[in-house]
Amino acid sequence: MSLFDAPVGAAYHLVTGLASMIHPAFGGIATTAAIVLFTVGVRLVLLPLAISQARGEKARARLAPEVQKLQKKHAKNPERLQSEISALYAAEGSSMFAGCLPMLAQWPFFMIMYRLFISASVAGRQNVLLAHTLLGAPLGQNLMGVVGVFGLVSPESLVFFGLLGLIAAVAWWSSRRMRDTVPAGAQGMMLRLMPYGTVIMAAFVPLAAGIYLLTTTAWTAAERALLRREIALAA
């Protein structure tokens, strides 16, 4: 018995229930809409963590000039530089990698969605979600599978490429907005490149999991913009 069996079963009943409820309004894309609603529910649960993250990002932006001074002062001593930067963030009650917390908190939910659409059976019953599609593209199939079955330029493959394009656009926008909240140098560059990891991940997971990734990354981008604005106005 897997650790994810119970939550995957719960997610299965939730997604199929949502899809049945909204089918009259959404028709053939009801399951896709249910995945989006599931993702929004996850993000609402994680909202307090996002607020804490936004406050941490504001602190990092305030500390950026001090970090740049430390980088110049200890340019030839990477160990000392890392120690000084860590101490600086700790004194402010923040962390340079605090932005990773929401992503880590979402990982179990992503794994549940991933397993939900690769499992032939759930709770001892046939997984009927695998038969559902988005504009003809199977929700349980990944990019290579879709290309192998339908061809590289088929409508089904174009659905996947369109999804990857949207995720890449969100990653670009998110990375661009991070320029003022992360320090310069290799560490800051690594943080700015992290959003693009979602594009690579989406190319290898089932379409349904890719929809989850698009929804959650778009939510993150909008959420950060709004929270930064609200925290700035409250300051």
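I looked up Ser-157 and found it in helix H7 (helices are DSSP runs of H or I with at least four residues, strands are runs of E with at least two, and both are numbered from the N terminus). The model is a predicted one, so I note that local features need pLDDT of at least 70, side-chain atom pairs count only at pLDDT 80 or more, and totals for chains, interfaces and linings use all residues. Residues are numbered from 1 along each chain as its sequence is written, and side-chain values use heavy atoms, with hydrogens and water left out.

Is Ser-157 buried or exposed? Ser-157 is buried, at a relative accessible area of 0% (buried means under 20% relative accessible area, exposed over 50%, partly exposed in between, with a 1.4 Å probe and protein chains only). Not counting residues up to four places away in sequence, Ser-157 touches Val-146, Val-147, Gly-151 and Leu-152 (contact means heavy atoms within 4.5 Å).

Next I looked at the packing of H6 and H7. Helix H6 covers residues 143-150 and helix H7 residues 155-177; their axes are 8 Å apart, at an angle of about 155° (axes are lines fitted to C-alpha atoms, for helices over the stretch in contact, and angles run from 0 to 180 degrees between N-to-C directions). That angle makes H6 roughly antiparallel to H7 (under 35 degrees is roughly parallel, over 145 roughly antiparallel, 65 to 115 roughly perpendicular, and the rest oblique).

Which residues meet there? From H6 I noted Leu-143, Val-146, Val-147 and Phe-150, and from H7 Glu-156, Ser-157, Phe-160, Phe-161 and Leu-164.

I then checked Ser-174, which is also in helix H7. Ser-174 is buried, with a relative accessible area of 13%. Leaving aside neighbours within four places in sequence, Ser-174 is in contact with Pro-195 and Ala-221. I also noted that the C-alpha atoms of Ser-174 and Met-194 are separated by 9.7 Å, with the two 20 residues apart along the chain.

Last, the cores. The largest nonpolar core has 46 residues, and Ile-35, Leu-116, Phe-117, Leu-139 and Leu-207 have the most contacts inside it (a nonpolar core is a set of buried Ala, Val, Leu, Ile, Met, Phe, Trp, Tyr and Cys residues joined through side-chain atoms within 4.5 Å). H6 and H7 are among the helices that each supply at least two residues of this core. H10 gives the largest share, eight residues.
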